[in-house]
Amino acid sequence: PSYVPLQLLRRLATEPGGGTWQALGDSAEKMVLGAAPKGYAPDWVLYRAKGGFAPDADSKGVGSYDAVRVYLWAALLAPENTRRAPLLAALKPMAAATVQDGVPPARVDSAAGTREGSGPAAFSAALAPFLEAAGYADAAREQMLRLQAIEPQRQGYYDQVLGLFAAGWQDGWLRFDRDGRLQTRWTAACAAAPRR
């Protein structure tokens, strides 16, 4: 589910001949919602014509490093995007668990709705925009402080990349509009700069 950011599929659907992308976006939303019956996204999921979505045989419904981006992508959808509200509502148990525990879980069982361990700072970064979008602004700030407490040279690649998305969003440097277009704060500044 983390490999289908719905804003990107929406953007592709606005191009000429984008009907296939629209259908893929519809399917991707159903996958994210269907794969998280207890509000926790799995890393990988299977679909069976008779039975719908089911935990992948190898990952057994565990949600961890791959799944954490599902919450980030849901939060980065534009508020007026019709897919956003259902995703935020369906995935809200992850937000509530993070608020309750003070940190995101390291692993979840998406079918049972159980969680274990404390996730790394990268998980805090991925969940900060989601927490804010779900109505937990104080918890979002706490998660960003957790990431910022780690010196940049001590952060791993995953911490840095997810931190870049989260900080960029929280500081207003990037947004996606209703149609999935990336809106950056620096675009206006660059456009206004004199050309040489």
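User: In this predicted model, what counts as buried?
Analyst: The model is predicted. Relative accessible area sets the class, computed with a 1.4 Å probe on protein chains only. A residue counts as buried when that area is under 20%.

User: Which residues of α8 are buried?
Analyst: Helix α8 covers residues 157–170. Under the cut-off of 20% relative accessible area, the buried residues of α8 are D159, L162, G163, A166, G168 and W169.

User: How far does α8 reach from its first C-alpha to its last?
Analyst: Helix α8 has 14 residues, and at 1.5 Å a residue the expected value is 20 Å. The model is close to that expectation, with a reach of 20 Å.

User: Which residue just after α8 takes a positive phi?
Analyst: Helix α8 ends at residue 170. Just after α8, a positive phi of about 80 degrees occurs at G172.

User: Are α5 and α6 roughly parallel or roughly perpendicular to each other?
Analyst: The axes of α5 (residues 92–101) and α6 come within 10 Å and cross at roughly 105 degrees. Angles of 65 to 115 degrees fall in one class. The two helices are therefore roughly perpendicular.

User: Which residues of α6 meet α5, and how many residues in the contact are nonpolar?
Analyst: From α5, the residues K92, M94, A95, T98 and V99 take part, and they meet L127, F130 and L131 in α6. By class, the contact has 1 polar residue, 1 charged residue and, as the nonpolar count, 6.

User: Is N81 buried or exposed?
Analyst: N81 lies in the loop between α3 and α4 (84–90). Apart from neighbours within four places in sequence, N81 is in contact with R10 and R178. Its relative accessibility is 8%, and the cut-off is 20%, so N81 counts as buried.

User: Where in the hairpin of β1 and β2 is there a positive phi?
Analyst: Strands β1 (residues 45–48) and β2 (residues 52–55) pair in the antiparallel sense over 4 bridges, with R48 opposite G52. The hairpin has 3 residues between its strands, and the positive phi of about 130 degrees belongs to a residue in the turn, G51.

User: Which residue of β5 is the bridge partner of V108?
Analyst: An open antiparallel sheet has the order β3-β4-β5, with β3 (62–63) and β5 (114–116) as its edge strands. Strand β4 (residues 107–109) pairs with β5 over 3 bridges. In β5, the bridge partner of V108 is R115.

How values were computed: Residues numbered from 1 in each chain as written. Predicted model: local features only at pLDDT ≥ 70, side-chain atom pairs only at ≥ 80, totals over all residues. Heavy atoms only, no water. Pairing = 2+ DSSP bridges. Expected span 1.5 Å × (residues − 1). Buried < 20%, exposed > 50% of the residue type's maximum accessible area, 1.4 Å probe, protein only. Axes fitted to C-alpha atoms, helices over the stretch in contact; angles between N-to-C directions. Parallel < 35°, antiparallel > 145°, perpendicular 65-115°, else oblique. Contact = heavy atoms within 4.5 Å. Nonpolar A, V, L, I, M, F, W, Y, C, P; charged D, E, K, R; others polar.
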